[in-house]
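Here is a short report on one protein model and its ligand. The sequence and structure come first, and the notes follow.

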Amino acid sequence: MDLHQIDQFAKGIIVEAGRRIRESFTYDMVVETKSDANDLVTNIDRETETFFIEKIKQFNSQHKVLGEEGMGEEIDSLEGPVWIIDPIDGTMNFVKQHRHFMISIGFFIDGVGKLGYIFDVMREDLFSAIEGEGAWYNDTPLRKLKPITIEEAVVGINASWVIPNKKVNHEKIIELVRKVRGTRSYGSAAMEIAFVVSGKLDAYISMRLSPWDIAGGTIIAKEVGAIATNLSGSDSNLLLNDTFIIANPSIHQLILDNYIEVK
Ligand code: 2AM
Ligand code: CA
Ligand code: CA
Ligand code: CA
C-alpha cells in the first residue's frame, strides 16, 4: 500500500469537504441535539461524514470507516486499513461562531497510525503527518517540540475542571492553573491537539473524548514528540471513550504525577 498515494487522496477529499462546508452552512444548517441539550449535531456533520465514506469506498472498497455520526460501519476491531473520522470537531463553534471547527481524520493499518489530519475549515489550515516521515503545518515542516518548564506552559483546559466533578480532584487542577503561565479553552479537541503539536499550547487535557476526537491528532503528535495518553498514563484505546492528555514531553509526566488525581 503506497502511503503517499493515500496521503494525496486524503488531502484532496479534505480540501473538497472543507469547500462544501463553507459553501453550504450559512443557508443550509439544521441543528439537532444528541445525548444532551449541549451535545449538538447538524445535517452538515452527517453530510460531510457521508461524503468522506463515499469517497473512501470509491478509492478502495476494502477500507473500513469509523465516523462520529455513525454513517459508516460498526467497527469492533482495528484490523486492516481503517479511517477514523470526525467530520466536524467543534460543532458548537460551527453553529454559534461559524469558525474554530476542524475536520479530524486518522488512517490506521492494523491499529498503527499511518496518516493524520486536522483541517481548520474556515482558515483552510492543514496539520498533517505521515508515520515516520514527519508532520507539517500546510507545507511547512513542524519541528520536534522543545523542552519547557511547567511555569512557562500554556495549557488547554476548560472551566469544568476547576469545579467539583466526578472525574478528578479539582483542588489539584486549581494548583495547576495557578502554576502555569496561562490557560486557554477553544471548544474543539482537534484544534487544541493541533495547537499542542505546533507549540501554540504546551498541553491539553480532557475528561472525556472519543476515538474520532483524537485519531488524527495522536498520529501527528508522534512525529513531533508530543505525548498523548489517557489520564492514567496509558495509551488511548481507539475503540472507546476515555480521558485524554497531550503534552510537550517535558511536562506530560509531571502534570500527571503532580496535578491529576483521577477519582
Ligand atoms: P464534537 O464537536 O465533535 O462533538 C468540546 O465540546 C470538544 O469535546 C469538541 O471537540 C467535541 O467534539 C468534544 N466532545 C466529545 N464528546 C462530547 C459530547 N458528548 N458533547 C459535546 N462535545 C463533546
Ligand atoms: Ca459531536
Ligand atoms: Ca469531536
Ligand atoms: Ca464531531
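## Around L238

L238 touches L78, I84, P211 and A215, leaving out residues up to four places away in sequence. Two residues are in contact if their C-beta atoms, placed from the backbone, lie within 7 Å. L238 sits in the loop between β13 (227–229) and β14 (242–247). Helices (H or I, at least four residues) and strands (E, at least two) are DSSP runs, numbered from the N terminus.

L238 counts as buried because it has 21 C-beta neighbours inside 10 Å. A residue is buried if 20 or more other C-beta atoms lie within 10 Å of its own, exposed if 12 or fewer, and partly exposed in between; these C-beta atoms are placed from the backbone. K96 is 142 residues from L238 along the chain, and their C-alpha atoms are separated by 29 Å.

## Basis of the model

This is a predicted model, where local features need pLDDT of at least 70 and side-chain atom pairs count only at pLDDT 80 or more, while totals for chains, interfaces and linings use all residues. Residues are numbered from 1 along each chain as its sequence is written, and chains are lettered from A and ligands numbered from 1 in the order in which they are written.

## Overall fold

The protein has seven helices and 14 strands. Its C-alpha trace spans about 50 × 40 × 35 Å along the principal axes. Buried residues make up 42% of the 263 residues. Among contacts with a separation of 6 or more, 61% join residues 24 or more positions apart.

The radius of gyration is 18 Å, which agrees with the value near 18 Å for a compact globule of 263 residues. That radius is taken over C-alpha atoms, and the globule rule is 2.2 Å times the number of residues to the power 0.38.

## Two domains

The protein is divided into domain 1 (3–141) and domain 2 (150–259). These bounds come from an automatic or database domain assignment. The domain centres, taken over C-alpha atoms, are 21 Å apart. The contact takes 30 residues from domain 1 and 25 residues from domain 2.

On the side of domain 1 that touches domain 2, β6 gives the largest share, six residues. The residues of that side divide into 15 nonpolar, 10 polar and five charged. Ala, Val, Leu, Ile, Met, Phe, Trp, Tyr, Cys and Pro count as nonpolar, Asp, Glu, Lys and Arg as charged, and the others, Gly among them, as polar.

## Ligand 1

Where does ligand 1 lie? It lies between domain 1 and domain 2, because both give residues to its shell. Of the 14 residues around ligand 1, D39, D89, G90, T91 and A189 come nearest. A residue is near a molecule or strand if its C-beta atom, placed from the backbone, lies within 6 Å of it.

β4 (81–89) and β12 (203–209) each supply at least two residues of the shell. The shell residues divide into two nonpolar, six polar and six charged.

## Annotated binding site

The UniProt annotation "binding site", from an unreviewed entry, covers E68, D86, I88, D89 and D213. They span 146 residues in sequence, yet no two of their C-alpha atoms are more than 9.6 Å apart, so they gather at one spot. UniProt positions are given in the numbering used here, feature names are shortened, and annotations may be inferred rather than shown by experiment.

I88 is in strand β4. It is buried, with 28 other C-beta atoms within 10 Å. D213 is in helix α6 (residues 211–224). D213 is also buried, with 26 other C-beta atoms within 10 Å. Leaving aside neighbours within four places in sequence, D213 is in contact with D86, D89, S104, A189 and A190.
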